[in-house]
Amino acid sequence: MWLELEARPEASNAMRYASPLIAVVLMVIGGFLIFLSLGRDPILGLNIFFLKPLADMYGVAELLLKATPLALIAIGLAVGFRANVWNIGAEGQYMLGAVASTGVALYFYGVESKWLMLPMMLVAGAIGGALWALIPAFLKTRFNANEILVSLMLVYIAKLFVSWLVFGPWKDPEGFNFPQTKTFTDGALLPLLVEGTRVNLAFVIALFALGAGYVFMQRSFYGFQMMVAGEAEAAARYAGFSAKRVVWVGLLTGGAAAGIAGMAEVAGPMGQLTPNVSANYGFAAIIVAFVGRLNPIGILLASLLMSLLYLGGEQAQQYLNLPSSISLVFQGMLLFFLLGADVFINFRVKRRVAA
Amino acid sequence: MTKLPEGTPRLQLRGIRKVYPTVVANDGIDLTAMPGEIHAVLGENGAGKSTLMKIIYGVTRPTEGEITWEGNRVHVESPAHARSIGIGMVFQHFSLFETLTVVENVALGLPGAPDLNYLATRIEKVSEKYGLPVDPRRLVHALSVGERQRVEIVRCLLQNPRLLIMDEPTSVLTPQAVRKLFETLRFLSSEGCSILYISHKLDEIQELCHVATVLRGGKVTGTCIPSKETPKSMARLMIGKDLPVCQHSALKEGGKVLLRLSGLSHASDDPFGTDLKDIHLDVHAGEIVGIAGVSGNGQQELLRAISGEEPHAEKHPVQVCGTEAGRMMPGRRRKLGMGFVPEERLGRGAVPKLSLAYNALLTAHQRGMLKRGLIDFDAMKLFAHDTIKAFDVRCGGPNAPAKSLSGGNLQKFIMGREIRQSPKLLVVAQPTWGVDVGAAAFIRQALIDLRNEGSAVLVISEELDELFEICDRMAVIAKGRLSPTKLAAETNVEEIGVWMSGMWPGAESAAANAAAKVPHVA
């Protein structure tokens, strides 16, 4: 007996939303098997990975803290992805956002007014990220260079640039030669939402960005134009929607959002710029955008899930003696199973009858 | 050709049924083709003709039913298998590589690595015998559409088929080339080769075919001898009712010029595209102007230049409603009062996955569907709803995705969307291409009504009958040049046919002038 895939007459809407849930379930099963094969008690392992991080208020706050950059970057990417603009370099744009806002914080070092400092750093972060995204946008619209490759390669340039800054001109003179900048003064730090935790104002900014993303993508005419450009290029040209503008808007929005996320990290939990400013948020956000179906509410939920994977990885490191890359394994499984389950949106399994 | 016992059919189909996930494409079809018979398969779009031919040629397999080939029951496994038992097919859309020569293209379809020189002489022999002149060493991109079709036919004939399937072969030919093709087909038939001739053109079938099997909705609705029928009686078999006729009134002259092309030249971006050369045309309010021509002679490029999908480097060659619009994008041309219906409906005229309501928004957004940059969903749905009603679009309502509609219904929707914006100028490409007869008549009438209300209409079509039915004036496009216009009442199919091969009075000197004067402008 053979199984074969048969095209569905119509894409299944139920499957479109069930697919991320199926992927989560399969990821948990996969985790169970991995713990088992590593000789750990799988129930205990899953418990530590998925439940222990949320056991107290501090843990929940950490969940929101880590979800913040993911949601911010993912909503920005979703704007481009819906129009088939494939910005893979959010990681680099995030770093340039962090660099730009750090620049402001260091230049006005010691200014204590948050009302002055934070808006300036926010704008600087957005501009920094957008400038880094401007390079692939320009090369795409001018020379039709592939934005996937250009934006991805710029990530490595951004990483080296950050290294150069913190090893060189921006190194804290009193930092015992560690590669890091001076710690920001209070005026350059985001206010906390809950005392005793690390979750800060950036989470509210992320929620606001999700709301703005919803209005832009679902209700605005320009969002509609971008959707048409992604679905049917010839129809967009026929209707007179500029394909170049779609590339610009798609990349710059993603870059600006990633830049703001970078600002939130240096002005939040980090309080300074170091080479480890990103925990691969820029890449993980790509998974978040897809698991969330490029939809703002979906992205919020997916960013919480992905954040949990980060926290679970830290717990597993601490209590199960596993390497922290276990987080990446879970992330990878999630994306893999999602892509697998997505096949069934457009296809169904059929048993092949012998001819 | 091997002799069959007297009275044995070449091909016999019994109870052929093909079920796709959403439709039953063929439902119990019987068909018998005798040796040497030219057998018409007649039906509207979606009647199941193509599916049936694909089953015979082994592209797809029937769900039920049996095929008997020269007295033996067969399962045709693949096109290669079909060719090996003596079935050849010429598709409507050619499968030739433009950058290869004729003989290389033919060699690609043969098993093994044939000797090209030997193959070339065989091609020459066959093409001479059947009156299909082809130079085997020419590159395909330099051939006209008619010549390409000859290559496809010769490619089939090299395998000595005993059954040849022709899918809508005349849609790309001038009337004169159709004559030549018919001679070849008759010669083949006299040698004993059976021909399945797929078409929806009744007059051609009457002239050429011995027998016709008529399909409607996947079923056989009748078998007839075309020479003993009238086009009317065959149409009734094909669509189940009489052919509708359009109402046309006399031309009111002296309308304002709403579209002017003055010396439009454009070098195509596509290396195998057609360059437009020094095109002049005026379209006035209150008239329908038709542009005839064999496909691939610059129609696509001309349309893009007029619609703004490929803006020009200069302003003056395209003037829309009195404004020089050559460099404008499509959106700005719309604002001047131009509507446009492209030939590809899915993917260009409409976004396949999106609802009809969203597809209304695509071009009609200036009709009160936007409030400060946000979409007014109620206004958008209302416009779609009214369009569906006014143009009798059969669909599941404004929320139905565009791709769920049949070609004819989607075309009615697109046409309705453009016409309901009351354009001063409407440019339409292939208005009834792939549309069933009933919807086609509706669409033609809608164009005539628009003209009667004082709009200017430009129609570019490869269907001569259609142009003669609706147009006030006609011109012909050939090799990127446009002929002068002529009143439709003062010309006829023969004259337009000659013009379609590029030979209108003064064409030679115009070409020479243009070549001397106009450099290629990108």
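# Chat on a predicted two-chain model

Me: This is a predicted model. How many residues of strand 11 of chain B are buried?
Reply: 7 of its 10 residues are buried, so strand 11 of chain B is largely enclosed by the rest of the structure.

Me: Which sheet is it in, and what's the strand order?
Reply: An open sheet of 4 strands in chain B, with the order 12-11-14-15 and antiparallel pairing.

Me: Which strands are at the edges?
Reply: Strand 12 (276-284) and strand 15 (323-324) of chain B. Each has a single partner strand, so one side of each is left without a neighbour in the sheet.

Me: How many bridges join strand 11 to strand 12 in chain B?
Reply: 7, and the two strands run antiparallel. One of the pairs is Arg260(B) with Asp282(B), which is its bridge partner in strand 12 of chain B.

Me: And how many to strand 14 of chain B?
Reply: 3 bridges, again antiparallel, between strand 11 (residues 257-266) and strand 14 (residues 318-320) of chain B. Leu259(B) stands opposite Val320(B), and Leu261(B) has Val318(B) as its bridge partner.

Me: Which helix lies across those strands?
Reply: Helix 9 of chain B, residues 299-307, lies across strand 11, strand 12 and strand 14 of chain B. The helix runs at about 60 degrees to strand 12 of chain B.

Me: Switching to helix packing. At what angle do helix 13 and helix 14 of chain B cross?
Reply: Roughly 10 degrees, with the axes coming within 10 Å. The helices are residues 407-419 and residues 437-452 of chain B, respectively. That angle makes helix 13 of chain B roughly parallel to helix 14 of chain B.

Me: Which residues make the contact?
Reply: From helix 13 of chain B, Gly408(B), Asn409(B), Gln411(B), Lys412(B), Met415(B) and Ile419(B). Helix 14 of chain B gives Ala439(B), Phe442(B), Ile443(B), Ala446(B) and Leu450(B). By class, the contact has 7 nonpolar, 3 polar and 1 charged.

Me: Why would residues three or four places apart point the same way?
Reply: An α-helix has 3.6 residues a turn, so residues at that spacing point the same way.

Me: What about helix 8 of chain B, which residues are buried there?
Reply: Helix 8 of chain B covers residues 231-239, and its buried residues are Met234(B), Ala235(B), Leu237(B), Met238(B) and Ile239(B).

Me: What covers them?
Reply: The cover includes strand 3 (38-42), helix 7 (202-208), strand 9 (211-216), strand 10 (219-224) and helix 14 of chain B.

Me: What comes just after that helix?
Reply: Gly240(B), which takes a positive phi of about 85 degrees.

Me: Another glycine: where is Gly15(B)?
Reply: In strand 1 of chain B, residues 11-19. Gly15(B) counts as partly exposed because it has 13 C-beta neighbours inside 10 Å.

Me: What does Gly15(B) touch?
Reply: Gly28(B), Asp30(B), Glu64(B) and Gly65(B), leaving out residues up to four places away in sequence.

Me: Zooming out, how many helices and strands are in chain B?
Reply: 17 helices and 23 strands. The C-alpha atoms of chain B fill a box of roughly 75 × 55 × 40 Å along the principal axes.

Me: What's the radius of gyration of chain B?
Reply: 24 Å, which agrees with the value near 24 Å for a compact globule with 522 residues. Of the residues in chain B, 47% count as buried. Among contacts in chain B with a separation of 6 or more, 66% join residues 24 or more positions apart.

Me: And chain A, how many helices and strands there?
Reply: 13 helices and 2 strands. The radius of gyration of chain A is 22 Å, close to the 20 Å from the globule rule for 355 residues, so chain A is as compact as a globular protein of that length. Its C-alpha box is roughly 80 × 60 × 30 Å along the principal axes, and 49% of its residues count as buried.

Me: Last one, how many residues are in contact between the two chains?
Reply: 16 residues of chain A with 26 residues of chain B. The elements of chain A giving two or more residues to its side are helix 8 (221-231) and helix 9 (233-239). That side of chain A has 10 nonpolar, 3 polar and 3 charged residues.

Technical notes. Residues are numbered from 1 along each chain as its sequence is written. Chains are lettered from A and ligands numbered from 1 in the order in which they are written. This is a predicted model: local features need pLDDT of at least 70, side-chain atom pairs count only at pLDDT 80 or more; totals for chains, interfaces and linings use all residues. Two residues are in contact if their C-beta atoms, placed from the backbone, lie within 7 Å. Ala, Val, Leu, Ile, Met, Phe, Trp, Tyr, Cys and Pro count as nonpolar, Asp, Glu, Lys and Arg as charged, and the others, Gly among them, as polar. Axes are lines fitted to C-alpha atoms, for helices over the stretch in contact, and angles run from 0 to 180 degrees between N-to-C directions. Angles under 35 degrees count as roughly parallel, over 145 as roughly antiparallel, 65 to 115 as roughly perpendicular and the rest as oblique. Two strands pair if DSSP finds at least two bridges between them. The radius of gyration is taken over C-alpha atoms; the globule rule is 2.2 Å times the number of residues to the power 0.38. A residue is buried if 20 or more other C-beta atoms lie within 10 Å of its own, exposed if 12 or fewer, and partly exposed in between; C-beta atoms are placed from the backbone.
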